[in-house]
Amino acid sequence: MAKAGAGQTKAKEFVFEWAGKDRQGKVLHGETRAAGEAQVQVALRRQGIFVTKIKKRSMRGSRSIKPKDIALFTRQMATMMKAGVPLLPSFDIVGRGNPNPSANRLFNDIRQDVETGTSLSTAFRKHPLHFDHLYCNVVEAGEAAGILDTLMERLATHLEKTEAIKRKIKSAMMYPLSVIVVAFLVITVIMIFVIPAFQEVFTSFGADLPTPTLWVMSVSAFFVHYWWLVFSLMGGGAYFFLQAWKRSPRVQSVMDRVLLKLPIFGRLLHKACLTRWTRTLSTMFTAGVPLVEALDSVGGVAGNSVYREATERIQHEVATGTSLTAAMGNTHVFPSMVLQMCAIGEESGTIDHMLGKAADFYEQEFDEMVAGLSSLMEPIIIVLLGGVIGGIVVAMYLPVFKLGHVA
């Protein structure tokens, strides 16, 4: 009988949940990774366990894999490596502890690649949707230098801080947006249901109405007859605008530039981009990745096309022999503090440390600005909404005041 060759493809494995009893009759539960139920039966029987139930873990209805799942996975793997746990058992432990079946399946696929002799960085590169160039380059550098545990820990810190910045930006934007949406709904209800009732009363007066009242009533009449058009245009416009922003590079570039020029939020986004840019480059330097190759991964991490285009210019100039500090200064995007710290780092050979310090500084400023913005937005929104709704109320009571004055 011919034997299977050494290069035979390994059967795909799944996670099976099982229940059974040992020789003393004690009920046991657990999970096992295997190619099929028969393999689970044989493995458990060898351990003296009588199996009563086997069920393959379902992958249906699972959540999508989010960046925070990758950050958690990286932190757990770094902790396991620091504790001296081998790579494959680390995957097993992390996979069993993850509640997201999609993430569990992804980690299982990577584990199988590593088990067949593939390097960890190569296994990660097969999933570019979840592991970008930055991630794969740092892991590859850690494998080559034998410091994978240290760099995985550094990478986990980088991912956690990046996700924290994203959450803070979303929280800073969520409050004003939610208040604006609620205010629009309230004004719509007033226009459709309240103003027409006033209009019937004013019609019975038989007197000329003030101009503000006539204007509010005309807006109300438009809402009553064309409310479906207003909501359709606003909903459809917002949807198509967001789709264009997501899919069109030209729209992205224009909107990124506009956002950076906003009075308050522009400064906030600048600090967020600087924090991510400097921290990412610091992480790449720590991993020993060459500068030109590191810049290839840094541009997209900032999350803004202005910084991405600036990074491409820096990469081109550095490749032709220009120093990093000079190339950054030629873009007119980075503040003088970042340039000075980068120059000191280049002269002393501690550019990774200096960029990390710059990232910490701008992260602290970002946190302080978010806290101040949250407290500042509330009175501004209250004043604006009070002015709009108060103006409508005054406009509708002007005829009452006028009649009382005439009487």
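Predicted model: local features only at pLDDT ≥ 70, side-chain atom pairs only at ≥ 80, totals over all residues.

**Entry 1: α9 and α12.** On the α9 side they are Gln252, Ser253, Asp256, Arg257 and Leu260. On the α12 side I found Ser305, Val306, Tyr307 and Glu309. Sorted by class, the contact of α9 with α12 comprises three nonpolar, three polar and three charged residues. I then turned to the geometry: the axes of α9 and α12 come within 8 Å, and they cross at roughly 105°. Because angles of 65 to 115 degrees count as roughly perpendicular, α9 is described as roughly perpendicular to α12.

**Entry 2: α11 and α12.** I next examined how α12 (residues 305-319) stands to α11 (residues 291-298). Their axes come within 9 Å and cross at roughly 170°. This crossing makes α11 roughly antiparallel to α12. From α11, the contact draws on Leu291, Val292, Leu295 and Asp296. From α12, it draws on Thr311, Ile314, Gln315, Val318 and Ala319. I noted the classes for the contact of α11 with α12 as six nonpolar, two polar and one charged.

**Entry 3: α3 and α4.** How are α3 and α4 oriented where they pack? I found an angle of about 170° between α3 (residues 87-97) and α4 (residues 101-115), with the axes 10 Å apart. Since an angle over 145 degrees counts as roughly antiparallel, α3 is roughly antiparallel to α4. Leu87, Leu88, Phe91, Asp92 and Gly95 make the contact from α3. Their counterparts in α4 are Asn104, Phe107, Ile110, Arg111, Val114 and Glu115. The contact of α3 with α4 has six nonpolar, two polar and three charged residues.

**Entry 4: the largest pocket.** I recorded a volume of about 1,400 Å³ for the largest pocket. It is lined by 31 residues, and those closest to its centre are Ile169, Lys170, Trp245, Leu259 and Leu269. Which helices supply at least two residues of this lining? I noted α2 (67-82), α7 (148-205), α8 (211-247), α9 (249-260) and α10 (265-286). The most comes from α7, with 10 residues. By class, the lining of the largest pocket holds 18 nonpolar, three polar and 10 charged residues.

**Entry 5: the second largest pocket.** For the second largest pocket I noted a volume of about 550 Å³. Its lining has 21 residues, with Pro67, His130, Asp132, Glu163 and Lys166 nearest the centre. At least two residues of this lining come from each of α2, α6 (133-145) and α7. Here, too, α7 gives the most, with five residues. I counted the classes in the lining of the second largest pocket as 11 nonpolar, five polar and five charged.

**Entry 6: leucine 209.** Finally, I looked up leucine 209, which is found in the loop between α7 and α8. Its separation from leucine 398 is 189 residues in sequence, yet 8.2 Å in space, C-alpha to C-alpha. Leaving aside residues up to four places away in sequence, I found that leucine 209 touches Phe202, Leu214, Met217 and Pro399.

Key:
Residues numbered from 1 in each chain as written. Heavy atoms only, no water. Axes fitted to C-alpha atoms, helices over the stretch in contact; angles between N-to-C directions. Helix = DSSP H or I, 4+ residues; strand = E, 2+ residues; numbered from the N terminus. Parallel < 35°, antiparallel > 145°, perpendicular 65-115°, else oblique. Contact = heavy atoms within 4.5 Å. Nonpolar A, V, L, I, M, F, W, Y, C, P; charged D, E, K, R; others polar. 1 Å grid on protein atoms, 1.4 Å probe; cavity = no way out; pocket = protein on both sides within 12 Å on 5 of 7 lines; lining within 4 Å. Points joined across faces, edges and corners; volume = space filled by probe spheres on them.
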